[in-house]
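This report concerns a predicted model. It considers a pocket and then the salt bridges.

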Amino acid sequence: MRIDERRQTMKHQPVVLTSIVPADADTIWTKLTKLSTLQHIASPYATFKPVDGSVDLNWQPGAVYRFRFRLFGLLPLGIHTIRVQRFDRADSIVYTEESNPYVPVWNHTIRLERIDSGHTRYTDEVEIGAGWKTPFVCLWAKLFYAHRQRKWVRLLEAASKQAKGKDGE
């Protein structure tokens with residue numbers, strides 16, 4: 001059986017988490033485009049260091065990025081590849097197909113939905129396929145994305161406070 005055939009026969013499981021974050025979609029989108037945001041919100045559950053040493057990336061459809069991936073910043077899990085399929089600011093959707101040696105399928109969608117001028121519904125949807133490891137990876141992913149969304153809220157609250165401080169000067 002070829003690798004492609006094995007991937008197709010693996011059972012995939014979804015993980016979906018949603019939070020209301022204290023910012024408009026444009027503010028979130030601006031931060032989504034920065035590698036430093038990914039690194040901040042993922043830490044300490046995961047660390048991503050670009051294989052090519054880049055300090056920032058140009059997220060766009062068709063782009064492929066490779067990262068040295070470490071679980072909890074300690075356990076090396078090889079190269080994690082992110083293939084950007086959709087990076088659509090107008091529709092507020094990001095879709096990536098991701099993989100690493102331990103999780104061959106990690107398809108991630110981020111959806112932003114405006115609630116009002118200062119709040120956005122932020123949803124992470126992930127399809128995971130890791131063979132017999134899938135249930136364990138899904139459990140970790142639920143914890144990871146809950147952590148990421150908490151860090152998003154803190155990051156956006158801090159940015160809002162900083163902006164208000166500048167406005168008051």
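## The largest pocket

The largest pocket of this predicted model holds about 620 Å³ of space. Its lining comprises 33 residues, of which F48, H80, W106, W140 and F144 lie closest to the centre of the pocket.

The elements that give two or more residues are the helices α2 (25–32), α3 (35–42) and α4 (134–167), together with the strands β2 (46–50), β3 (64–71), β4 (75–88), β5 (93–99) and β6 (105–116). Helix α4 makes the greatest contribution, supplying eight residues. Classified by residue type, the lining contains 23 nonpolar residues, five polar residues and five charged residues.

Six salt bridges are found in a search of the whole structure. One of the pairs is D26 with R89, whose closest N and O atoms are 3.6 Å apart. Because D26 belongs to helix α2 and R89 to the loop between β4 and β5, this pair ties together parts that are 63 residues apart in sequence. D26 has a relative accessibility of 49% and therefore counts as partly exposed. R89 is likewise partly exposed, its relative accessible area being 42%.

A salt bridge also joins E125 to R111, with 2.8 Å between the closest N and O atoms. This pair links distant parts of the chain, since E125 is in strand β7 (residues 119–129) and R111 is in strand β6, 14 residues apart. Relative accessible area is 25% for E125, which is partly exposed. For R111 the value is 30%, and this residue is partly exposed as well.

The side chains of D124 and R148 form a salt bridge with an N to O distance of 3.8 Å. D124 lies in strand β7 and R148 in helix α4, so the contact ties together parts that are 24 residues apart in sequence.

Both partners fall under the 20% cut-off for burial. D124 is buried, with a relative accessible area of 1%, and R148 is buried at 5%.

## A salt-bridge network

Salt bridges also occur as a linked group. R86, D88 and D91 are connected in a network of such interactions.

Methods: Residues are numbered from 1 along each chain as its sequence is written. This is a predicted model: local features need pLDDT of at least 70, side-chain atom pairs count only at pLDDT 80 or more; totals for chains, interfaces and linings use all residues. Side-chain values use heavy atoms; hydrogens and water are left out. On a 1 Å grid over the protein atoms alone, a cavity is a set of points where a 1.4 Å probe fits but cannot get out, and a pocket is an open set with protein on both sides within 12 Å along at least five of seven lines; lining residues have an atom within 4 Å of a point. Grid points are joined across faces, edges and corners, and a volume is the space filled by probe spheres set on the points. Helices (H or I, at least four residues) and strands (E, at least two) are DSSP runs, numbered from the N terminus. Ala, Val, Leu, Ile, Met, Phe, Trp, Tyr, Cys and Pro count as nonpolar, Asp, Glu, Lys and Arg as charged, and the others, Gly among them, as polar. A salt bridge is a side-chain nitrogen of Lys or Arg within 4 Å of a carboxyl oxygen of Asp or Glu. Buried means under 20% relative accessible area, exposed over 50%, partly exposed in between (1.4 Å probe, protein chains only).
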